[in-house]
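Take a look at the sequence and the 3D structure below. The report that follows walks through the helices, rings, cores and charges.

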Amino acid sequence: MRLSRRAAVFAAASFLLVPPAHAAAPATPDEAKALAEKAAAHVKDVGLDKALADFNNPTGGYVDRELFVVVYRTDGKIICSPGLPAFVNRDANAMKDVDGKAFGQEIIAAGRNGGSGWVEYRMANPLTHKLALKRSYVIGAGDYVIFVGAFVG
């Protein structure tokens, strides 16, 4: 009986030391880029209003772990930010990271005239609550800029 009790305690302790199989790994910049490209294609296919509804729906296929689609108008108005809804209707031109970098302006500039590319800035990761580098992939879509960012490190 003593052996089976030890075995049970060991099994329980081992279970606590192993992370759950369902715990998802952090998203990568490549996954952020793929989601941004999917979102830009979705806007083109269904129009902005339907796409925004899908982007804001947690089960709409456009939220993946800490990845979510953000949409700015090229004048700077934030029109979609499901991960940080308090930012909607704010001016992205005024957005700065913890180091004072005007990342909102950089995101708009990267997406102007149908442009695309990466913008990096530092902010608090909502999952870890630690400051980290965030890489966002930006795609211009007419009068809108669509992007998705992943934390690096």
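F103 counts as buried, because its relative accessibility is 7%. Buried means under 20% relative accessible area, exposed means over 50%, and partly exposed lies in between (1.4 Å probe, protein chains only).

A word on the numbers. The model is predicted: local features need pLDDT of at least 70, side-chain atom pairs count only at pLDDT 80 or more, and totals for chains, interfaces and linings use all residues. Residues are numbered from 1 along each chain as its sequence is written, and side-chain values use heavy atoms, with hydrogens and water left out.

## Helix α4 and its buried face

F103 belongs to helix α4, which covers residues 103-111. Buried along with F103 in α4 are G104, I107, I108, A110 and G111. Down the axis of α4, these buried residues fall within an arc of 160 degrees, so they line one face of the helix. The arc is taken from the directions that run from the helix axis to the C-beta atoms.

What do the buried residues of α4 pack against? They pack against four strands: β3 (70-73), β5 (116-124), β6 (131-141) and β7 (144-152). Helices (H or I, at least four residues) and strands (E, at least two) are DSSP runs, numbered from the N terminus. Contact means heavy atoms within 4.5 Å. Just after α4 comes N113, with a positive phi of about 55 degrees.

## Rings that pair

How many aromatic pairs does a search of the whole structure find? It finds four. One of them joins Y72 and F147 edge-to-face, at 5.0 Å centre to centre and 75 degrees between the planes. Y72 lies in strand β3 and F147 in strand β7, so this pair ties together parts that are 75 residues apart in sequence. Y72 is buried, because its relative accessibility is 3%. F147 is buried as well, at 5%.

F103 comes back here with Y121. Their ring centres are 4.2 Å apart and their planes stand at 10 degrees, so the pair is stacked. This pair also links distant parts of the chain: F103 sits in helix α4 and Y121 in strand β5, 18 residues apart. Y121 is buried, with a relative accessible area of 3%. The rule for pairing: rings of Phe, Tyr and Trp (its six-membered ring) have centres within 6.5 Å, and planes under 30 degrees apart are stacked, over 60 edge-to-face, the rest tilted.

## Charges over rings

Rings also meet charges. K38 lies over the face of Y62, 4.7 Å from the ring centre. R135 has its charged end over the ring of W118, 4.3 Å from the centre. To count, NZ of Lys or CZ of Arg must be within 6 Å of the ring centre and within 35 degrees of the ring normal.

## Two nonpolar cores

A nonpolar core is a set of buried Ala, Val, Leu, Ile, Met, Phe, Trp, Tyr and Cys residues joined through side-chain atoms within 4.5 Å. The largest has 22 residues. L52, F55, L67, V69, V71, I146 and V148 have the most contacts inside it. At least two residues of this core come from each of α2 (29-46), α3 (48-56), β4 (78-80), β6 and β7. Helix α2 gives the most, with six residues.

A second, separate core has 18 residues, including I78, F103, A132 and F151. Which residues touch L67, leaving aside its neighbours within four places in sequence? They are A27, E31, A32, L35, Y62, V148, G149 and A150.

## Salt bridges

Side chains of opposite charge can pair when their charged atoms come close. The structure holds seven salt bridges. In each, a side-chain nitrogen of Lys or Arg is within 4 Å of a carboxyl oxygen of Asp or Glu. D75 and R73 meet at 2.7 Å, N to O. D75 is partly exposed at 46% relative accessibility, and R73 is partly exposed at 29%.

R122 bridges to D99, with the closest N and O atoms 2.8 Å apart. R122 is in strand β5 and D99 in the loop between β4 and α4, 23 residues apart. D99 is exposed, with a relative accessible area of 52%, whereas R122 is partly exposed at 32%. K101 and E106 form a salt bridge at 3.6 Å between their closest N and O atoms. E31, D64 and R65 are linked in a network of salt bridges.
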